[in-house]
Amino acid sequence: MRIRYGLLFLLCFNLSFAQNHRTIAHHQHLWLVYNGIFRLNDKFNLLTEYQWRRVGYGATWQQSLPRIGIEFKTKAGINFAGGYALPTTYPYGEQPVVAVFNEHRAWEQVSMGHTNGKFKFNHRYRFEQRWLEVKTPDPAGNYVFLKYTYLNRIRYRVMITYSIRKYEGSGNELLFMISDEAFINFGKNVARNIFDQNRVYAGLGFAFSEKYTASLGYLNQFIIKPDAVRCENNHTLQVGITFNL
């Protein structure tokens with residue numbers, strides 16, 4: 001019940017915000033997502049991830065996002081993780097950044113889940129420390145590194161997975177997945193966009209076994225820029241593959 005009301009609140013907030021602001025750019029994106037989970041021992045996993053994010057369903061770059069981390073598993077089903085990411089963001093769309101820039105990102109998270117019949121629920125709380133490159137034009141008109149801006153962000157995602165069908169004897173399973181994730185900025189360097197973005201996702205997954213899963217779905221990414229006036233509503237086709245070894 002609380003999950004349902006939380007999702008409804010985030011969706012209503014997202015829609016009301018979009019209606020009250022004038023500058024909303026609409027884009028079509030393609031995200032190809034790889035996740036790899038590698039068991040180190042009974043308590044620790046190595047987490048690897050890469051997201052190939054493109055504009056126009058693959059035409060040009062939006063962002064390149066590699067991420068790595070270590071996960072600690074507990075007997076209570078609560079997992080702790082932390083690591084590093086190196087996103088590279090490119091100019092794209094109707095409200096482009098002035099130049100390509102990198103971001104150094106440390107992250108920590110807590111995740112937990114439970115099962116109710118054919119439904120699996122997962123809650124993920126992630127805290128991020130972000131160092132974003134700021135660039136300035138030189139006399140020749142080229143953008144060069146000036147400094148880093150430090151930002152804090154917290155993210156909460158709830159994901160619900162429903163087992164549509166299990167294929168007996170093969171280990172295969174057809175899944176339906178839905179999720180919502182809210183991003184909140186905080187700290188002295190946050191100007192106006194405390195609410196950074198929201199992502200709503202729905203898709204189908206096919207588990208070939210407990211170790212390999214492929215997915216295809218739609219993700220709506222609503223971004224609020226630092227001035228809290230310019231926004232993006234990104235319609236995204238997301239294709240994913242997960243290795244759980």
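Student: Happy to dig in! What is the mean pLDDT of the chain, and what share of its residues reach 70 or more?

Tutor: This is a predicted model, where local features need pLDDT of at least 70, side-chain atom pairs count only at pLDDT 80 or more, and totals for chains, interfaces and linings use all residues. Residues are numbered from 1 along each chain as its sequence is written, and side-chain values use heavy atoms, leaving out hydrogens and water. The pLDDT is the predictor's confidence in each residue, from 0 to 100. For this chain the share of residues at 70 or more is 91%, and the mean pLDDT is 92.

Student: Which elements make up the secondary structure, and in what order do they run?

Tutor: Helices (H or I, at least four residues) and strands (E, at least two) are DSSP runs, numbered from the N terminus. The chain has 1 helix and 12 strands. From the N terminus on, the order is α-β-β-β-β-β-β-β-β-β-β-β-β.

Student: Why can the chain be called as compact as a globular protein of that length?

Tutor: The radius of gyration is taken over C-alpha atoms, and the globule rule is 2.2 Å times the number of residues to the power 0.38. For 245 residues the rule gives 18 Å, and the chain is close to that, so it is as compact as a globular protein of that length, with a radius of gyration of 19 Å.

Student: How many positive and negative side chains are there, and how far apart do the centres of the two sets lie?

Tutor: Lys and Arg count as positive and Asp and Glu as negative, while His and the chain ends are not counted. Each charge is placed at NZ of Lys, CZ of Arg, CG of Asp or CD of Glu. That gives 29 positive and 17 negative side chains, with the centres of the two sets separated by 3 Å.

Student: Let's turn to single residues. Is V55 buried or exposed, and which residues does V55 touch?

Tutor: V55 lies in strand β2, residues 44–55. Buried means under 20% relative accessible area, exposed over 50%, and partly exposed in between (1.4 Å probe, protein chains only). With a relative accessible area of 12%, V55 is buried. Not counting residues up to four places away in sequence, V55 touches Q28, H29, T60, W61, Q62 and Y92.

Student: What about L46: where is L46 found, and what is its relative accessible area?

Tutor: L46 is also found in strand β2. Leaving aside neighbours within four places in sequence, L46 is in contact with G36, I37, F38, L40, I68, G69 and I70. L46 is partly exposed because its relative accessible area is 25%.

Student: Where does Y57 lie, and what is its phi?

Tutor: Y57 lies in the loop between β2 and β3 (60–73). The residue is partly exposed, with a relative accessible area of 47%. Although Y57 is not a glycine, its phi is positive, at about 55 degrees.

Student: Where does A228 lie, and what value does its phi take?

Tutor: A228 is in the loop between β11 (212–224) and β12 (230–244). A228 counts as buried, at 13% relative accessibility. In this residue other than glycine, phi is positive, near 60 degrees.

Student: Which residues are in contact with L175?

Tutor: L175 belongs to strand β9, residues 172–186, and counts as buried at 11% relative accessibility. T161 is 14 residues apart from L175 along the chain, and their C-alpha atoms are separated by 6.6 Å. Leaving aside neighbours within four places in sequence, the contacts of L175 are T161, Y162, S163, I164, G203, L204 and G205.

Student: One more, please: which residues does A99 touch?

Tutor: A99 sits in the loop between β5 (88–89) and β6 (101–116), and is buried, with a relative accessible area of 13%. A99 and T89 are 10 residues apart in sequence and 8.5 Å apart in space, C-alpha to C-alpha. Not counting residues up to four places away in sequence, A99 touches T89, P91, K135 and Y143.

Technical notes. Contact means heavy atoms within 4.5 Å.
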